[in-house]
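User: I have a model open and want to learn how to read it. Please take me through some features one at a time.

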Amino acid sequence: MTGAHLSNVVMQALRLAGYALIFLAGIWFHSSGAMAAMAEYAEDIRYLTVQHLQLTAISGALAIVTGIPIGVALARRSLGILGPVVAQVVNLGTTIPTLAILALAMTVMGLGTPPAIFGLTVLTLLPIVLNTIAGIKSVPPALIDAARGMGMTGWQILWKVELPYALFVIFAGIRTALAINIGTVPLAFLIGGGGLGELIFTGIDLMEPGLLLAGAIPTALLAVAVDLLGAQAQYWLVPKGINPLR
């Protein structure tokens, strides 16, 4: 059996396995009551999905707008020992439980959308800051020296050399952050933030698996869809010379 023939057989087997998994998932989806629940609560799902996306969009945008400048600032060599120390403190933030951050936001700001957005922004911020630091520090010093030799200012080096070179790593951080964000938004329901968590936690309280899945399945699909969009943006927006995917 040639290598090409073996590869073709493996691909056919994987395709059949994929079809079988889709078929079994369809049977499970129907038998679990999720299909009936999603049909029954279709209007609620649409309304709560819009809320879910609004929370993700606002907190994600705030995290990107603030996280990248913070990461760039912490990556500056001029900060000396202070930069790595602050970066380690930021890194420790990833160990804080999600519910603890939301609870602290609720304690300070009360119930509703503002504390939910604040808590989600903090959670989304960390991967963006850390990846921005890693991306900026990965720029070869020789490249920066060459830019200085061409007469570029510090700002020109940042915009034309460092950020483009670090863009692929920064995009990876944004994709990770948005995936975390979408998966965390359901918890915002606990502090009055809305979103698909209303269906998930109501289903848990009432011990209704169908209602729970009516919130969990759209949440999972949103996470996959946003990650796919992020992957496409990363592929097309990062220049060819520094994009390992192109």
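User: Is R76 buried, partly exposed or exposed?

Analyst: Keep in mind that this is a predicted model. Burial is read from relative accessible area, with buried meaning under 20% and exposed over 50%. R76 has a value of 28%, so the residue is partly exposed.

User: Where does R76 lie, and which residues does R76 touch beyond four places in sequence?

Analyst: R76 lies in the loop between α3 and α4, the latter being residues 82-92. Leaving out residues up to four places away in sequence, R76 touches I136, L158 and E162. Look also at K137. R76 and K137 are 61 residues apart along the chain, yet their C-alpha atoms are separated by 8.4 Å.

User: Is T49 buried or exposed?

Analyst: Apply the cut-off again. T49 has 16% relative accessibility, and buried means under 20%, so T49 counts as buried. T49 lies in helix α3. Setting aside residues up to four places away in sequence, T49 touches L196 and L222.

User: How do I read a nonpolar core?

Analyst: Start with the general idea. In soluble globular proteins, nonpolar side chains tend to be buried together. Now the case here. The largest nonpolar core has 16 residues, and I136 and L163 touch the most other members. Helices α3 (42-74), α6 (113-137) and α8 (154-184) each supply at least two residues of this core. The largest share, 7 residues, comes from α8.

User: Which residues does L163 touch, not counting residues up to four places away in sequence?

Analyst: L163 touches V72, I136, L158 and I170 on that count.

User: How do I describe a pair of packed helices?

Analyst: Two packed helices are described by the angle between their axes and the distance between the axes. Take α5, residues 98-109, and α6. They pack at an angle of about 140°, and their axes are 8 Å apart. That angle makes α5 oblique to α6. The crossing of α5 and α6 is right-handed.

User: Which residues of α5 and α6 meet?

Analyst: On the α5 side they are T98, I101, L102, A105, M106 and M109. On the α6 side they are P114, P115, A116, F118, G119, L120, V122 and L123. By type, the residues of this contact divide into 12 nonpolar, 2 polar and no charged.

Definitions and conventions:
Residues are numbered from 1 along each chain as its sequence is written. This is a predicted model: local features need pLDDT of at least 70, side-chain atom pairs count only at pLDDT 80 or more; totals for chains, interfaces and linings use all residues. Side-chain values use heavy atoms; hydrogens and water are left out. A nonpolar core is a set of buried Ala, Val, Leu, Ile, Met, Phe, Trp, Tyr and Cys residues joined through side-chain atoms within 4.5 Å. Buried means under 20% relative accessible area, exposed over 50%, partly exposed in between (1.4 Å probe, protein chains only). Helices (H or I, at least four residues) and strands (E, at least two) are DSSP runs, numbered from the N terminus. Contact means heavy atoms within 4.5 Å. Axes are lines fitted to C-alpha atoms, for helices over the stretch in contact, and angles run from 0 to 180 degrees between N-to-C directions. Angles under 35 degrees count as roughly parallel, over 145 as roughly antiparallel, 65 to 115 as roughly perpendicular and the rest as oblique. A crossing is left-handed if the near helix is turned anticlockwise from the far one by less than a right angle, and right-handed if clockwise. Ala, Val, Leu, Ile, Met, Phe, Trp, Tyr, Cys and Pro count as nonpolar, Asp, Glu, Lys and Arg as charged, and the others, Gly among them, as polar.
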